[in-house]
Amino acid sequence: AWTQPALFAFELALAKLWRARGIKPAFLLGHSIGELVAVQVAGVLSLEDAAKLVCARGRLMQGCEPTGAMLSIQASEEEVLPLVEAQGGKVDLAGLNSPEQTVISGDADVIESIASHFENKGRKTTRLKVSHAFHSHHMESMLKEYEAVAEGCTFQPPRISVVSNVTGTIATDEELTSPGYWVRQVRSAV
């Protein structure tokens, strides 16, 4: 509830500092909460609306059940995905940070089982120190209320191109200005 607004403020201050030093980005990208910083810098959201969305995101995520876990795995998406799909919705891909570094999120017991599988293959795994299983089915209970908050925001087409966390490609105006996109961004792998 407090970390996300603090990260947003810090990242936005850095972006403002870079702009003040004459750095003009051709593209913007931010990971998870950082994507909201990127769209604020790109002019998609006013500072007030971006802050409203960030604060709601943190508050609503904090209200989700804190029973899950997250795991970073030294493995490709192609290696991890079959194990995720075999779990019947108990674990989700949460992040694709590089071609050989995948993050999963979901039920703690399933996370431990998948961790053991990769550790037995000599792969590095790291249990992330998080309060909740972010970017997973554990976020389902907050999505409807979060969408209602997003629907109350005013979105503008970006003045600077933004790389989507959801697709990994340049986001379209329609994506970034849709409240539904921001709901998917909370629930999907980033």
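This is a predicted model: local features need pLDDT of at least 70, side-chain atom pairs count only at pLDDT 80 or more; totals for chains, interfaces and linings use all residues.
Local features require pLDDT of at least 70 and side-chain atom pairs count only at pLDDT 80 or more, while totals for chains, interfaces and linings use all residues. Residues are numbered from 1 along each chain as its sequence is written, and side-chain values use heavy atoms, with hydrogens and water left out.

Helices are DSSP runs (H or I, at least four residues), numbered from the N terminus. Helix 8 (residues 179–187) is largely enclosed by the rest of the structure, because 7 of its 9 residues are buried, where buried means under 20% relative accessible area, exposed over 50%, and partly exposed in between (1.4 Å probe, protein chains only). Among these buried residues are Tyr181, Trp182 and Val186. The buried residues of helix 8 pack against helix 2 (33–41), helix 3 (47–62), helix 6 (140–151) and helix 7 (173–176), a contact being heavy atoms within 4.5 Å.

The structure holds 7 salt bridges, each a side-chain nitrogen of Lys or Arg within 4 Å of a carboxyl oxygen of Asp or Glu. The table lists some of them.

| Pair | N to O distance |
|---|---|
| Asp49 and Lys52 | 3.6 Å |
| Arg59 and Glu145 | 3.5 Å |
| Glu140 and Arg187 | 2.5 Å |

Glu140 in helix 6 and Arg187 in helix 8 are 47 residues apart, and their pair links distant parts of the chain. Salt bridges that share partners join Asp92, Glu140 and Arg187 into one network. Within helix 3, Asp49 and Lys52 are 3 residues apart, about one helical turn; Asp49 is buried at 10% relative accessibility, whereas Lys52 is partly exposed at 37%.

Terms used
Helices (H or I, at least four residues) and strands (E, at least two) are DSSP runs, numbered from the N terminus.
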